[in-house]
Amino acid sequence: MLYHLLPQFSDVHILFNVFRYLTFRAAGAVVTALILAFVLGPMTIRWLSRLRVGQVVRTDGPESHLQKAGTPTMGGTLIIMAAGISTLLWAELTNWYTGIALLALVWMGLLGFLDDYLKVVQGRSRGLVARYKMAGQLIFGLGLGFFLVLRPFWPVPPNWTMVPFFADYVAMFWVPAYVVFVAMVVAGTSNAVNLTDGLDGLAAGLTAISAATFGIFAYLIGRFDTSGYLGLFHLPGAGELSIFAVALAGAALGFLWFNAHPASVFMGDTGSLALGGAIGVMAILLKVEFLLVIVGGVFVAEAASVILQTGYFKYTARKYGTGRRVFRMAPLHHHFEKIGWAESKVVIRFWILGILFAMIGFSTLKIR
């Protein structure tokens, strides 16, 4: 909004010209999102407390989690509000990247809201039936895939995507396969972040790291000079996605103020599905879907632990009559709790791993 309104007053004072610059608006977006989260946080927590939307805790989880029952959940509404308002203020609103990213955030947030609502009303930790949740994610992913194929706004074929570490090679999909690929990236990332959201501050901190990383990639890919020098696709207009990315990072950090151990509020599926969907869509729009596996390495490990645990349990149950486990408990963060790590230690160490994976992601810019 400010990008469209204030530069026209540059004849009055040259200071208004700064609103044309992407770096200035990105700084404004992250600060705005952070401040909005700080200001709206206490009000949101009180509102959720009055609604009595308390967290339903798994009875088979770590015993230390039982005391969290009743803590206000659905706090993801705070992240969505802070990131959304900040993006609307600082981004170019006629930009396709901005519009699609915001749509993904809201769509996945509404899907998560429905899941949280069913948990609270029915008092069940399962919430929305898994197949319905997956259907909502896939519908958006397939819709996005079809849109990108039918109305491409990239200067490269829509079914091409970059390959990390290689500047001279691209992955070229059969068009129908690309549509399915987009849907799987959206659903996979959304569910991976959802599975990671099990400890105070874990998903919020890792999301801030991943979003900030993709914000930097968006800035580089959107510039003709840096994208050419680094051997990346040059996608005009992609730089605007950095506004959304840093706003998301700022909102996640602001939420972390209230979600740090011991948490005063949980993001719930309202937040985790929205954050995961937004990160997946950013990777798709920037054509760095394979880089997502590196930057979101902790999310990938969390999801893989659940798949491995479930698959191995079912396999051994069929073969030996009794299911066996790979981990003491899945997702992976609960395994480390079960072996004696304190919750805060698990969270901080996973954050460190998240930063490490982000650095590996940045290394792909030069190792090409």
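Predicted model: local features only at pLDDT ≥ 70, side-chain atom pairs only at ≥ 80, totals over all residues.

Residues are numbered from 1 along each chain as its sequence is written, and side-chain values use heavy atoms, with hydrogens and water left out.

**Whole chain.** Colour by pLDDT, the predictor's confidence in each residue from 0 to 100. The protein averages 91, and 93% of the residues score at least 70. Switch to secondary structure and you'll find 14 helices and two strands; these are DSSP runs numbered from the N terminus, helices being H or I with at least four residues and strands E with at least two. The radius of gyration, taken over C-alpha atoms, is 21 Å, close to the 21 Å that the globule rule gives for 368 residues, so the protein is as compact as a globular protein of that length. That rule is 2.2 Å times the number of residues to the power 0.38. Draw a box along the principal axes and the C-alpha atoms fill roughly 70 × 50 × 35 Å.

Which helix has the lowest confidence, and which the highest? Select residues 2-5 for helix α1, lowest at a mean of 84, then residues 202-222 for helix α7, highest at 98.

Next, select residues 160-163 (β1) and 166-172 (β2): the strands run antiparallel, joined by four bridges. Strands pair if DSSP finds at least two bridges between them. Show T161 and you'll see A171 of β2 opposite. Two residues sit between the strands, and F165 in the turn has a positive phi of about 75 degrees.

**Aromatic rings.** There are 17 aromatic pairs in the structure. Rings of Phe, Tyr and Trp (its six-membered ring) pair if their centres lie within 6.5 Å; planes under 30 degrees apart count as stacked, over 60 as edge-to-face and the rest as tilted. Pick F173 and F290, a stacked pair with 6.5 Å centre to centre and 15 degrees between the planes. The pair links distant parts of the chain, 117 residues apart: F173 is in the loop between β2 and α6, F290 in helix α11 (residues 289-295). F290 is partly exposed, with a relative accessible area of 33% (buried is under 20%, exposed over 50%, partly exposed in between, with a 1.4 Å probe and protein chains only).

For a last stop, select W96, Y97, F147, F153 and W154, which form one aromatic cluster.
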